[in-house]
Amino acid sequence: MERAWMTRRRVCFFLFLVLLLACGSLAAELYDFEDARFDPDMVGIICSLGGVLLCLAALLVVRRGTVVASEGGLRADAWRATLLRSGGLLRGCLFLLMLLAVAAFAASLYDFEDMRVDIDMPDALFPLAAFFLLSWLRYRIRVAAAHAGESPAAPASQDRESRAVPSHEHARMAQELEELKKRVEIDPLTGLLNKAALTEKITQSLHGDDTHCALFMVDMDNFKSINDTYGHQAGDTALMRTGEALREAFRGHEALVGRVGGDEFMALLFGVRDEADLEAVRRNLRNCLQIPIPQSAEPFTGSIGCVLHEAGESFESLYARADKLLYEDKRRDGNSPAR
């Protein structure tokens, strides 16, 4: 960290020195070195022992975290990380200090050596005040740790950046994400669904309760001759017009329509309940598949295979039945209906 005025190692070294001093103070409160005899002072012992515990807790916290100061003071995210990692340890040390304060308060009210009540109000006030102060600190650490844990994965800097993003930027990002999703699912030439997206959507639809639907397979006739005779640009134009013809044929119906590759198309049409409905849609589709080709008097036509979905039937089975009827129709050059 640039211009850091205290590193973790220096903090640990400083806390270790303070810990040694606190231990020396505790020893002095327990033993009178001048008279070479034990002369414990309960209040002094409480204060010294509290200093030892706080130094130990601070050492453990600093060793476990990266609490260092920068030119702007201690960072908010460093405090948050400290509370999340060591809040329980800090509260535990404060609880021990509260127990020691209770013991000091009891010692100021009762002489345990002579087994008699000996109230010393000045000495009693200090541990009592310390008890309430430690209780308040323990409560504040618990509240702060709970608040820091509400968003532990988002640093303060990211939080500020998130709040700084205007609402219109969020809308723009959502729109770009939606456009990206469309580019992944849409065939760029025809504007229909591509094979992967169409297959996934059809498979999901067949798992629903509504089984009144039909699968249509379309294979355009003599597409290679269009590319060879008039060029690939004419072939692309023919495919784009085929996509428009499919939209027109299924207009007014709920349908999933896509290009599955080359000059092959597939559609799942909902609301088709019987063979009469299927035949009406098939005839309308065949009429729409009369695609005019520039520089040619013959239209660009297509072969059709269509089947009704049976209850519980999988997509693979439905596809195989429609594909079989498609090639039967193609062998007849698309001049007779596929049943």
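**Close-up views of a predicted model**

View 1. A search of the whole structure finds 3 aromatic pairs. In one of them, the ring centres of Phe 315 and Tyr 319 are 5.8 Å apart and the planes are at 50°, so the pair is tilted. Rings of Phe, Tyr and Trp (its six-membered ring) pair if their centres lie within 6.5 Å; planes under 30 degrees apart count as stacked, over 60 as edge-to-face, and the rest as tilted. The model is predicted: local features need pLDDT of at least 70, side-chain atom pairs count only at pLDDT 80 or more, and totals for chains, interfaces and linings use all residues. Residues are numbered from 1 along each chain as its sequence is written, and side-chain values use heavy atoms, with hydrogens and water left out. Both Phe 315 and Tyr 319 lie in helix 11 (residues 315-331). They are 4 residues apart, about one turn of the helix. Helices (H or I, at least four residues) and strands (E, at least two) are DSSP runs, numbered from the N terminus. Tyr 319 is partly exposed, at 27%. Buried means under 20% relative accessible area, exposed over 50%, and partly exposed in between (1.4 Å probe, protein chains only).

**View 2. Strand 9 and its two partners.** Strand 9 (residues 264-270) is mostly covered, with 6 of its 7 residues buried. Strand 7 (residues 213-220) pairs with strand 9 in the antiparallel sense, over 7 bridges. Here Val 218 stands opposite Phe 265 of strand 9. Strand 8 (residues 255-261) also pairs with strand 9 in the antiparallel sense, over 6 bridges. Here Val 257 stands opposite Ala 267 of strand 9. Two strands pair if DSSP finds at least two bridges between them. Strands 8 and 9 form a hairpin with 2 residues between them. In the turn, Gly 262 has a positive phi of about 60°.

**View 3. The largest nonpolar core.** The largest nonpolar core has 30 residues. Such a core is a set of buried Ala, Val, Leu, Ile, Met, Phe, Trp, Tyr and Cys residues joined through side-chain atoms within 4.5 Å. Among those with the most contacts inside the core are Phe 216, Val 218, Leu 246 and Phe 300. Which elements each supply at least two residues of this core? They are strand 7, helix 8 (223-230), helix 9 (232-249), strand 9, helix 10 (275-288) and strand 10 (302-308). Helix 9 gives the most, with 6 residues. In soluble globular proteins, nonpolar side chains tend to be buried together.

View 4. A search of the whole structure finds 9 salt bridges. A salt bridge is a side-chain nitrogen of Lys or Arg within 4 Å of a carboxyl oxygen of Asp or Glu. Glu 279 forms one with Arg 282, the closest N and O atoms being 2.7 Å apart. Both residues lie in helix 10, 3 residues apart, about one turn of the helix. Both Arg 282 and Glu 279 are buried. Glu 279 also forms a salt bridge with Arg 283, with the closest N and O atoms 2.6 Å apart. Glu 279 and Arg 283 are separated by about one helical turn, because they are 4 residues apart in helix 10. Glu 279 counts as buried because its relative accessibility is 12%. Arg 283 is at 51%, so it counts as exposed.

**View 5. Other salt bridges.** The side chains of Glu 313 and Arg 321 meet in a salt bridge (2.9 Å, N to O). Glu 313 has 9% relative accessibility, so it counts as buried. Arg 321 is partly exposed, with a relative accessible area of 28%. Elsewhere, Asp 219, Asp 221 and Lys 330 are linked in a network of salt bridges.

**View 6. A nonpolar surface patch.** Phe 16, Leu 17 and Leu 20 form a nonpolar patch on the surface. Together they have about 270 Å² of accessible area. Accessible areas come from the Shrake-Rupley method with a 1.4 Å probe; for residues, only the protein chains shown count as cover. Patches are made of residues with over 30% relative accessible area and no salt bridge: like charges are joined within 9 Å, nonpolar side chains (Val, Leu, Ile, Met, Phe, Trp, Tyr) within 5 Å. Leu 20 lies in helix 1 (residues 8-30). Leu 20 is partly exposed, with a relative accessible area of 46%.
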